[in-house]
Amino acid sequence: SVIALPGVLDGQLIIPVVTIHDASTAPHVVAALAAGGIGCVEITLRTSSALEAIAAAAATETLHVGAGTVLTAEDVDRVAEAGARFVISPGLDERVVSRATDLGLAVLPGAATATEAQRALTGGLGAVKFFPADQLGGLNAVAALAQPFPTLAFVPSGGVSPLNAARYLRHPAVPAVSGSWLAPSDVLAARDYRKIEKLSREAARLVKEVQG
Ligand code: 3PG
């Protein structure tokens with residue numbers, strides 16, 4: 001892509017989405033992702049352990065650790081305090097964006113329509129998470145939205161897998177993809193860190209192929 005992602009997300013082509021129920025597993029998850037060649041992790045605010053998991057992951061100082069499912073400005077304060085370096089939201093809320101910007105965090109809000117993409121641009125953003133990408137029409141939808149907004153980057157999320165990630169990444173408007181396939185819930189529940197490393201390695205290989 002010709003359009004860079006903000007801050008620490010710049011240069012990350014795969015953003016793993018991880019939902020952690022037991023914070024003590026976070027360092028192992030991060031270590032497995034890193035061993036597989038992944039450079040960042042989005043820990044979702046979907047469990048009561050999320051903030052503790054972010055702190056535990058950030059303390060390893062291996063990957064860029066960020067927070068996902070960030071819905072309010074107060075969430076931004078909490079994840080910043082825990083050590084998150086970037087913030088990702090399923091939708092677009094200017095209060096979340098401005099708080100993250102004020103705190104020096106990279107921010108990637110969600111957009112699913114042309115109206116939201118336009119609002120993101122008006123708000124000075126260079127990139128949005130296109131969510132839920134697969135359900136919205138996948139690459140065809142990204143390509144259609146990229147036409148009127150040639151300066152906006154789209155990070156597809158939702159239904160991204162090894163089957164479609166490379167195709168997304170080859171589109172010039174797509175600097176990165178995000179998804180839970182590197183650390184799916186069943187694999188996390190089984191604490192199968194080898195599996196996470198294997199899936200990460202495969203994803204990193206796919207990135208190398210795309211980069212040629
Ligand atoms: C997200 O949380 O960003 C998406 O729900 C990830 O979607 P996936 O689980 O389909 O990868």
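This is a dialogue about a predicted model and the reasons behind the terms applied to it.

Colleague: Which strands form the six-stranded sheet, and what makes it open?

Modeller: The order is S5-S4-S3-S2-S1-S9, with parallel pairing. Strand S5 (106–108) and S9 stand at the edges and have a single partner strand each, so one side of each is left without a neighbour in the sheet. From one strand to the next the twist averages 25°.

Colleague: How do you know that S1 pairs with S9 and with S2?

Modeller: Pairing requires at least two bridges between the strands. S1 and strand S9 (residues 177–179) have three bridges, in the parallel sense, and two bridges join S1 to strand S2 (residues 40–44), also parallel. Both pairs therefore meet the cut-off of at least two.

Colleague: What joins S3 to S2 and to S4?

Modeller: Five bridges join S2 to S3, and two join S3 to strand S4 (residues 86–88). Both pairs run parallel. Isoleucine 43 stands opposite alanine 67 in S3, and alanine 67 stands opposite valine 87 in S4.

Colleague: Why is strand S1 called mostly covered?

Modeller: A residue is buried if 20 or more other C-beta atoms lie within 10 Å of its own. In S1 (residues 14–18), five of five residues are buried. Ile14, Pro16 and Val18 point one way, Ile15 and Val17 point the other way, and all are buried. The split into two sets is what a regular strand gives, because its side chains alternate between the two faces of the sheet.

Colleague: What makes both faces of S3 covered?

Modeller: His64, Gly66 and Gly68 are on one side, Val65 and Ala67 are on the other, and all are buried. Strand S3 (residues 64–68) is mostly covered, with five of its five residues buried.

Colleague: How do you know that helix H2 is mostly covered, and what do its buried residues pack against?

Modeller: In H2 (residues 50–59), seven of 10 residues are buried. These are Ala50, Leu51, Ala53, Ile54, Ala56, Ala57 and Ala58. The buried residues of H2 pack against helix H1 (26–35), S2, S3 and H3. Just after H2, glutamate 61 takes a positive phi of about 50°.

Colleague: Why are H3 and H4 called roughly parallel?

Modeller: Two packed helices are described by the angle between their axes and the distance between the axes. Helix H3 (residues 73–82) and helix H4 (residues 94–102) pack at an angle of about 30°, and their axes are 8 Å apart. Angles under 35 degrees count as roughly parallel, so H3 and H4 are roughly parallel to each other. Their crossing is right-handed.

Colleague: Which residues meet where H3 packs on H4, and what classes do they belong to?

Modeller: Ala73, Val76 and Asp77 in H3 meet Arg95, Val96, Arg99 and Ala100 in H4. By class, the contact has four nonpolar, no polar and three charged residues.

Colleague: Which strands make up the three-stranded sheet, and which of them are edge strands?

Modeller: The order is S6-S7-S8, in an open sheet with parallel pairing. The edge strands are strand S6 (110–111) and strand S8 (153–156), each of which pairs on one side only. Four bridges join strand S7 (residues 127–130) to S8, and at least two are needed for pairing, so S7 and S8 count as paired. Phenylalanine 130 stands opposite proline 156 in S8.

Colleague: Why is histidine 171 called partly exposed?

Modeller: A buried residue has 20 or more C-beta neighbours and an exposed one has 12 or fewer; partly exposed lies in between. Histidine 171 has 15 inside 10 Å, so it counts as partly exposed.

Colleague: Where does histidine 171 lie, and what does it touch?

Modeller: Histidine 171 lies in the loop between helix H8 (165–169) and S9. Not counting residues up to four places away in sequence, histidine 171 touches Leu139, Val142 and Ala143. Arginine 201 is 30 residues from histidine 171 along the chain, and their C-alpha atoms are separated by 22 Å.

How values were computed: Residues are numbered from 1 along each chain as its sequence is written. This is a predicted model: local features need pLDDT of at least 70, side-chain atom pairs count only at pLDDT 80 or more; totals for chains, interfaces and linings use all residues. Axes are lines fitted to C-alpha atoms, for helices over the stretch in contact, and angles run from 0 to 180 degrees between N-to-C directions. Angles under 35 degrees count as roughly parallel, over 145 as roughly antiparallel, 65 to 115 as roughly perpendicular and the rest as oblique. A crossing is left-handed if the near helix is turned anticlockwise from the far one by less than a right angle, and right-handed if clockwise. Two residues are in contact if their C-beta atoms, placed from the backbone, lie within 7 Å. Ala, Val, Leu, Ile, Met, Phe, Trp, Tyr, Cys and Pro count as nonpolar, Asp, Glu, Lys and Arg as charged, and the others, Gly among them, as polar.
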